[in-house]
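This briefing is intended for reading beside the sequence and the three-dimensional model. It is arranged by topic, beginning with the term on which the first assignments rest.

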Amino acid sequence: MKCPKCGYEWINDHLYCDNCGEEFRIVPDFEPEIEEEMNETLSTLLVELVQEKVPELKEKGKGKKAGKKNKEAAWERKRGNWLRAAIFLCILMGILGITGVCWYKNYSISYQIEKARECAGAERYVQAVSYLERAHELDKENAEIIFLMADYYYIQEKYEAAVHTLMEIVDAEEVYQEEDLERAYDKIISIYSGTGDYQAINELLLNCRNEEIVALFQQFIAKPPEFSFVEGSYEEVLPLKLSANTSGKIYYTLDGSIPDENSEIYTAPIFLETGTYTVKACFVNDYGIKSDIVTNTYRIDVIMPTPPEVSVYSGDYYEPYMIEALAAEGCRIYYTTDSTDPTQDSPLYTSALPMPLGKSVYKFIAVSEEGVASDITVRTYKLTLNTEITVDMAISNVISALIKADVLLDETGNMRGMSGHNVYKLNSVMRIDGSGDFYVIYEYYEDATGIQTRTERIYGVNIQDGAAYRITYDEQGKIVLVDI
């Protein structure tokens, strides 16, 4: 027997064509017309039985006139009627049995699933899917049928068909149990992950209304960055923070241009000072999915503090001075000595600074309580001392005094019981009231690995006579010179 649709040779006991999936109908589906026809046939037979029975009764009414011969004839007729009735009942039972089998094969969900599993076991997945499609027609809300069908599509590498099948559960999430919905999302995401289509995962989850599902697969989503301040006008400096929903990178621009992977990467708060800023940002997660771009505009109008006032003007000097800086109330002062522009990450000015020997450049800024920085005050100095005592001589005098005091063992700075040695460096030149001008020498301990750590001991050497002293401070913070 061949398939009526494609002509493929039929395999015995198979209900569907192994080539195209067409259903073989050995026995026609049970229909109302067949039932009506059977009822008419049964009625006709009953009428015939009645018609044959009436003459028999009439014969009996004639009484005893009928002889032995009439009784035998009546018996024969009666036996024939019962035989015909028995044959009819057998035929009727056969038709009903065949109809029942046909109904079971067409309308039993368990039968369709059983046959689908049987076909899948023989790797006839096209036929297995055909059985499941019939089962799905009979029960639209059976999630297990959908999952099984998607699995068979997946085995055949028909990924789009598998996703389309599972989307029936996603699109009708109110119909199915929470665990079925979660399972459907998990299978779809696994398919997309296997094919590397992370953009499809992102779109799937962005359209999901179930917050628990979204949270479960948060790592696949690239939502636009969130801003710590809403856009608008402010009278203070804004430390603008950007945040993302999961791990990845935030790219941003401040000039209104479109951010991409070549733009600035957000790593710390963005300080928006006086001016107008158009901040655009996007987020790229670890899977390379890029979010939509979010744009906020900020207008910052704050008063800029006046630059710090520095007590010593730029110029050439032949005696040391202490450099003092003043700013408006509530402002902090930051400075640099390496020619770079100071920021709030630069050293904080707390007290007067000694002028360095030789050339130096000082830069100061004032920062208000709102975080607004002033313009920069720049001072350039060149300090030359009128003395025959050099820096090297001053350091040598300190070492000699320490050897004499039995603090050091030799000129290399070795000490008893220590594996390392001391090193002495010039820090500055300072005028000490009532005592003159001094080289300020700091002491460092250098261990066996070469790492130097500053100690608490400070020494002063008079630039005129070379005398070395220990510098300490009294209770009022005033400098005191102590003999070594």
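A residue is called buried when its relative accessible area is under 20%, exposed when that area is over 50%, and partly exposed in between. The model is predicted. By this scale Tyr159, with a relative accessible area of 30%, is partly exposed. Tyr154 also counts as partly exposed, at 42% relative accessibility.

**Aromatic pairs and cluster**

- Across the whole structure, a search finds 17 aromatic pairs.
- One of these joins Tyr154 and Tyr159: the ring centres are 5.3 Å apart and the planes stand at 55°, so the pair is tilted.
- In the pair Tyr362 and Phe364, the ring centres are 6.0 Å apart and the planes meet at 10°, so this pair is stacked; planes under 30 degrees apart count as stacked.
- Tyr362 counts as buried at 5% relative accessibility, and Phe364 counts as buried at 0%.
- Tyr362 and Phe364 belong to one aromatic cluster, whose other members are Tyr317, Tyr321, Tyr335, Tyr349 and Tyr381.

**Charged groups over rings**

- Arg183 is placed over the face of Phe147, at 4.0 Å from the ring centre.
- The ring of Tyr442 has the charged end of Arg454 over it, 3.7 Å from the ring centre.

**The four-stranded sheet**

- An open sheet of four strands has the order S11-S17-S16-S14, with mixed pairing.
- Strand S11 (315-317) and strand S14 (332-336) stand at the edges; each has a single partner strand, so one side of each is left without a neighbour in the sheet.
- From one strand to the next, the twist averages 30°.
- Strands of a sheet pair through backbone hydrogen bonds, and the pairing may be parallel or antiparallel.
- Strand S16 (residues 358-367) and strand S17 (residues 377-383) run antiparallel and are joined by seven bridges.
- Within this pairing, Gly358 stands opposite Leu383 in S17.

- Ser428 is located in strand S18 (residues 421-432).
- The relative accessible area of Ser428 is 2%, so the residue is buried.
- A polar contact of 3.1 Å links the side chain of Ser428 with the side chain of Asn427.
- When neighbours within four places in sequence are left aside, Ser428 is in contact with Pro354, Phe438, Tyr439 and Val440.

Definitions and conventions
Residues are numbered from 1 along each chain as its sequence is written. This is a predicted model: local features need pLDDT of at least 70, side-chain atom pairs count only at pLDDT 80 or more; totals for chains, interfaces and linings use all residues. Side-chain values use heavy atoms; hydrogens and water are left out. Rings of Phe, Tyr and Trp (its six-membered ring) pair if their centres lie within 6.5 Å; planes under 30 degrees apart count as stacked, over 60 as edge-to-face and the rest as tilted. Buried means under 20% relative accessible area, exposed over 50%, partly exposed in between (1.4 Å probe, protein chains only). A charge sits over a ring if NZ of Lys or CZ of Arg is within 6 Å of the ring centre and within 35 degrees of the ring normal. Helices (H or I, at least four residues) and strands (E, at least two) are DSSP runs, numbered from the N terminus. A polar contact is a pair of N or O atoms within 3.5 Å; within protein, one must be able to donate a hydrogen and the other to accept it, and residues adjacent in sequence count only if both atoms are side-chain atoms. Contact means heavy atoms within 4.5 Å. Two strands pair if DSSP finds at least two bridges between them. Axes are lines fitted to C-alpha atoms, for helices over the stretch in contact, and angles run from 0 to 180 degrees between N-to-C directions.
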